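Trainee: I would like a close look at one part of this model. Please take me through it residue by residue, and then show me what surrounds it.

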Amino acid sequence: WEFNAGGAGATGAQVLSEFYASDRRYADAAALLKTAQGRFPQDLNLQFQYGAMLERLKKFDEAERILRPVIAAEAHHAAALNYLGYTLIERGRRIPEALDLIKRAVKLDPYNGSYLDSLGWAHFKLNQLDLAEASLRTAAEQLVRDSVVQDHFGDVLAAKGRFAEAVEAWRRALAGDGETIDRAKIERKIRDAQPRAGKQ
């Protein structure tokens with residue numbers, strides 16, 4: 001892959017990285033974007049995509065290092081706000097800050113199912129289960145095939161003692177896109193919840 005001079009090269013890198021990501025070749029996408037970012041250091045969207053790929057690779061410290069300057073330069077970059085908030089949640093760090101970042105993303109794009117998933121997950125981590133359920137229910141209705149969203153929704157329902165509904169959500173997670181989920185863990189959650197679900 002050769003980068004062209006000027007903006008076209010950055011755009012080409014983004015397009016190719018999206019192709020890699022659609023094939024779950026996140027490491028290839030991240031390597032490409034890292035090189036491109038070095039050549040086009042002022043391109044915030046390129047930098048954001050690089051940070052997003054690092055998050056998908058669960059390289060959360062590196063993702064945070066890349067995403068914070070994007071938000072510093074563009075305070076209304078909703079996608080970067082959401083991704084940074086989610087990386088903090090996944091590490092169990094600074095959850096109140098994560099919640100604030102995600103709320104800013106949702107305010108900018110209130111009907112975005114991915115942002116609502118992050119918002120619900122942050123509330124769940126803060127044990128604010130009613131708020132978590134409200135956001136995650138909307139996200140789960142929007143993103144029926146998103147395995148991560150359905151898994152999150154199942155966890156919230158189980159925490160509220162609604163095991164039959166949780167099992168349904170986890171089954172949707174297993175039947176969904178399979179993106180970054182631990183199938184064995186979800187299957188265990190279903191097995192553990194089924195006896196209690198049968199009593200409801």
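Predicted model: local features only at pLDDT ≥ 70, side-chain atom pairs only at ≥ 80, totals over all residues.

Mentor: Start in the loop between α7 and α8, where N127 sits. N127 has a relative accessibility of 58%, so this residue counts as exposed.

Now move to D151. It belongs to helix α9, which runs over residues 147–159. Is D151 buried or exposed? Its relative accessibility is 13%, under the 20% cut-off, so D151 counts as buried. Leave out residues up to four places away in sequence, and D151 touches W170, A173, I186 and K189.

Take W170 first. The side chains of D151 and W170 make a polar contact of 3.3 Å. Then K189. This residue forms a salt bridge with D151, and the closest N and O atoms are 2.7 Å apart. The bridge links distant parts of the chain: K189 is in helix α11 (residues 183–197), D151 is in helix α9, and 38 residues separate them. K189 is buried as well, because its relative accessible area is 18%, under the 20% limit.

Beyond four places in sequence, its contacts include Q150, D151, G154, D155 and A158. I186, K189, I190 and A193 are also among the residues W170 touches.

R162 forms a salt bridge with E133, with 2.7 Å between the closest N and O atoms. R162 lies in the loop between α9 and α10 (163–175), and E133 lies in helix α8 (residues 129–142), so the pair ties together parts that are 29 residues apart in sequence. R162 is partly exposed at 25% relative accessibility, whereas E133 is buried at 10%.

These bridges are part of a wider set. The structure holds 16 salt bridges. One of them joins the side chains of E97 and R94, at 2.8 Å from N to O. Both residues are partly exposed: E97 has a relative accessible area of 27%, and R94 has 40%.

Finish with the open space. The largest pocket holds about 800 Å³. It is lined by 27 residues, and E55, Y86, V148, H152 and T180 are the closest to its centre. Which elements give two or more residues to the lining? They are α3 (44–56), α5, α7 (113–125), α9 and α11. Three of those names have come up already in this tour.

To sum up the close look: D151 is buried in terms of accessibility, has a polar contact with W170, and has a salt bridge with K189.

Terms used:
Residues numbered from 1 in each chain as written. Heavy atoms only, no water. Helix = DSSP H or I, 4+ residues; strand = E, 2+ residues; numbered from the N terminus. Buried < 20%, exposed > 50% of the residue type's maximum accessible area, 1.4 Å probe, protein only. Polar contact = N/O pair within 3.5 Å; in protein donor to acceptor, adjacent residues only side chain to side chain. Contact = heavy atoms within 4.5 Å. Salt bridge = Lys/Arg side-chain N within 4 Å of Asp/Glu carboxyl O. 1 Å grid on protein atoms, 1.4 Å probe; cavity = no way out; pocket = protein on both sides within 12 Å on 5 of 7 lines; lining within 4 Å. Points joined across faces, edges and corners; volume = space filled by probe spheres on them.
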